Each structure stands twice: as structure tokens, then as C-alpha cells.
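Here is a short briefing for a first look. Start with the sequence and the model below, then read on by topic.

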Amino acid sequence: MQYLRPSNLHEAIRLKNETGYTLLAGGTDIYPGLENGTRPAGLIDISGLPELSGPVRSDEYWWTIPAMTTWSALANMTLPRQFDVVKEAAAKIGGRQIQNKGTIGGNICNASPAADGVTALMALDSRVTVVGREGSREMTLESFVLGNRHTSLKKDEILLSIGVPAAQHRHSSVFKKLGSRRYLVISLVMVGVYVALDDVRQLSRVGICVGSCGPRSVRLKAAEERLLGMQLDEAAEFSLKPQELAPLSPISDIRATASFRLAMARTLVDEGIRDVVGSLIDD
Ligand SMILES: Cc1cc2nc3c(=O)[nH]c(=O)nc-3n(C[C@H](O)[C@H](O)[C@H](O)COP(=O)(O)OP(=O)(O)OC[C@H]3O[C@@H](n4cnc5c(N)ncnc54)[C@H](O)[C@@H]3O)c2cc1C
């Protein structure tokens with residue numbers, strides 16, 4: 001297997017386009033894959049590229065997270081409460097070694113239906129910036145992750161960073177993960193919930209995202225719309241209606257049945273909304 005280590009982004013884009021080799025970030029998805037028999041012809045190691053690393057940055061409207069940011073780095077950063085959903089997901093991804101090497105960009109580009117980071121970031125209306133031979137493109141994370149192991153990344157493109165809109169008012173967020181044990185486990189179902197208020201304490205932004213219940217994480221938009229405009233006390237009584245779970249299409253496999261996943265998704269969403277609304281009432 002070939003191993004290439006470009007020294008800058010421009011060279012990495014050229015090599016990816018010319019060779020079609022697989023990009024290697026932290027390797028925590030790629031290396032287990034090698035053992036299971038999927039062996040790429042070559043790897044392009046992007047872990048040393050300064051353009052993909054560096055500190056998380058913010059201005060008045062956006063937070064920018066470089067693609068090579070690890071889960072440990074995120075979990076240990078001081079960030080506003082809107083990032084609780086991401087930090088809680090980060091702390092539940094694998095064990096310490098995985099969190100130290102695994103990156104946010106790798107989680108997104110691997111596009112597993114059980115990618116905890118994708119669910120957390122989608123709840124926050126995140127966007128991604130990709131860069132290729134013809135410059136950069138920006139899109140919502142929702143439109144970037146197309147399905148199981150399938151993204152809209154083109155042959156020459158690399159994920160550069162993730163953008164998260166900065167919360168303007170009071171807000172809260174939470175991540176809920178259900179596995180067959182507490183740690184080191186692939187999610188049977190996971191849920192990210194984000195709520196922000198306007199200046200009259202009505203819910204003005206709501207993000208509810210569910211993962212491991214279909215080929216990719218999805219937002220429950222009908223439920224989000226029902227919550228928008230509610231006062232906090234009304235939202236505290238919220239409970240999902242069965243039809244609001246329609247975007248989910250879980251499968252039965254060795255880890256759980258489809259009906260169990262659906263029932264748990266409903267429970268975790270209700271719990272998640274109660275938690276974020278409760279924390280805003282107590283503020
Ligand atoms: C024991 C173990 C436990 C785990 N537990 C969890 C868990 O609980 N939750 C969870 O969500 N995941 C889990 N994972 C999966 C993995 O750790 C995460 O998905 C991690 O974030 C992947 O990041 P990475 O940098 O290691 O990706 P890599 O393995 O380096 O890459 C993954 C894929 O993304 C592509 N890629 C990486 N970076 C870029 C980029 N910047 N641009 C374009 N393509 C890119 C690669 O080519 C590859 O296809 C676990 C893995 C292991 C081995």
C-alpha cells in the first residue's frame with residue numbers, strides 16, 4: 001500500500017485527484033477497516049496539514065472548527081453552552097485513545113449512520129467547507145452527508161472545516177446516547193437537541209437530530225416546527241407525536257430491533273427536550 005504525506009493543502013488536493021487514494025486523518029475508522037478486508041491502494045496522510053488544524057475560531061456569527069480537531073480537544077475546550085451537545089458526544093466517542101486520535105472531519109466524512117458527531121453537529125445547523133482544485137464550496141452538513149458511507153465530497157475535495165452559527169440569545173443543548181453498555185459502544189440510538197430563545201423567552205431556534213435510525217442522521221423537522229414559538233412552560237410539557245418520527249427508518253440488526261430503536265428515539269427526544277427546556281427555566 002502506498003503512503004503519501006503532503007506538506008500543504010494544495011499538494012494534498014493534487015495527490016487526491018491524481019491517485020484517488022484514501023485520506024488518512026486520525027485513522028480510527030480506516031485502520032479497523034483494513035483488518036476487515038477493505039484495503040485501499042494508498043493513503044494520503046493529511047494529519048500534518050496546518051490548514052486543517054489550529055484553534056477553534058469565532059466571530060459574531062460563526063464558530064469555525066478545523067477538520068483535524070480531535071474529540072479530546074473539543075471535550076476539553078471552554079465553549080458556550082450551545083456546544084454541550086458536541087462536547088457530550090465527544091466524551092462518549094470510543095475511549096480515551098480514540099478520542100485523542102479521532103477527528104471531527106473523519107467522523108463526518110466516514111458518514112457512518114452511527115456517527116455521534118454528525119448527529120450532534122446537525123442539531124446545531126452546522127455547515128461544512130470543502131476545498132478542491134476549483135476552490136472551496138460551502139453547504140449544510142445535512143446536504144453533505146448523503147447516506148451510509150456516502151457524502152457529496154468530489155474526487156479532488158477535502159473537508160476543511162465545520163461552521164456552527166453562533167447562538168445570539170439564551171440557549172441550551174444536550175446529547176443522549178443509548179448503547180448496550182455505558183462506554184466504548186456504538187450507539188443503538190443517539191439524539192442531539194438544541195434550543196435557543198428570543199428576547200421574549202419564546203423558542204426561536206430548535207434542532208432535534210436522531211442518529212442510528214436510518215442510513216444517516218436526520219432532523220425531526222415537524223417536531224421542531226411545533227416547538228417553535230412556544231413559551232418555556234408549554235415546551236416543558238412537549239411530547240413527540242408518532243407521526244413526527246416519520247423521517248426515521250431504523251433497521252433490525254444484531255444490536256437492536258427497528259421497533260426498539262424507534263421507541264428509544266422517542267424517549268430520548270422527549271427527555272432531551274425536557275432537559276434543555278428545564279435548564280433554561282432554571283437559569
Ligand atoms: C474502538 C473504536 C470506538 C469508536 N467509537 C465511536 C463512537 O462511539 N462514536 C462514533 O461516532 N465513532 C466511533 N468510532 C469511529 C471513529 O473513531 C470516529 O468516527 C472518528 O471521529 C474518525 O476520525 P478519524 O480522524 O480517525 O478518521 P479516519 O479514520 O482517518 O478517516 C475516516 C474517513 O474520513 C475520511 N476523511 C478524514 N478526514 C477527512 C477530511 N478532512 N476530508 C475528507 N475526508 C476525510 C477518510 O478518508 C476516511 O474515509 C470508534 C472507532 C473505534 C476504533
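Domain bounds here come from an automatic or database domain assignment. On that basis, the C-alpha centres of domain 1 and domain 2 lie 35 Å apart. The model is predicted.

**Domains**
- The assignment gives the chain a domain 1 that covers 1–46.
- Domain 2 covers 171–282.

**Residues around the ligand**

**Polar atoms facing the ligand**
- G26 places a polar backbone atom 2.7 Å from an oxygen atom of the ligand.
- L159 also uses its backbone: a polar atom there is 2.8 Å from a nitrogen atom of the ligand.
- K177 uses its side chain, with a polar atom 2.9 Å from an oxygen atom of the ligand.
- Taken alone, the ligand exposes 990 Å². The protein buries 85% of that.

**The aromatic pair**
- The count of aromatic pairs comes to one.
- Its members are W63 and F83, with ring centres 5.4 Å apart.
- Why is the pair edge-to-face? The ring planes stand at 75°, and planes over 60 degrees apart count as edge-to-face.
- The pair links distant parts of the chain, 20 residues apart.
- W63 sits in strand β5 (residues 62–66). F83 sits in the loop between α3 (71–75) and α4 (84–92).
- Both W63 and F83 are buried.

**A buried aspartate**
- D45 lies in strand β3 (residues 42–45).
- Is D45 buried or exposed? D45 has 6% relative accessibility, so it counts as buried; the cut-off for buried is under 20%.
- The D45 side chain makes a polar contact with the side chain of R5, at 2.9 Å.

Technical notes. Residues are numbered from 1 along each chain as its sequence is written. This is a predicted model: local features need pLDDT of at least 70, side-chain atom pairs count only at pLDDT 80 or more; totals for chains, interfaces and linings use all residues. Side-chain values use heavy atoms; hydrogens and water are left out. A polar contact is a pair of N or O atoms within 3.5 Å; within protein, one must be able to donate a hydrogen and the other to accept it, and residues adjacent in sequence count only if both atoms are side-chain atoms. Accessible areas come from the Shrake-Rupley method with a 1.4 Å probe; for residues, only the protein chains shown count as cover. Rings of Phe, Tyr and Trp (its six-membered ring) pair if their centres lie within 6.5 Å; planes under 30 degrees apart count as stacked, over 60 as edge-to-face and the rest as tilted. Helices (H or I, at least four residues) and strands (E, at least two) are DSSP runs, numbered from the N terminus. Buried means under 20% relative accessible area, exposed over 50%, partly exposed in between (1.4 Å probe, protein chains only).
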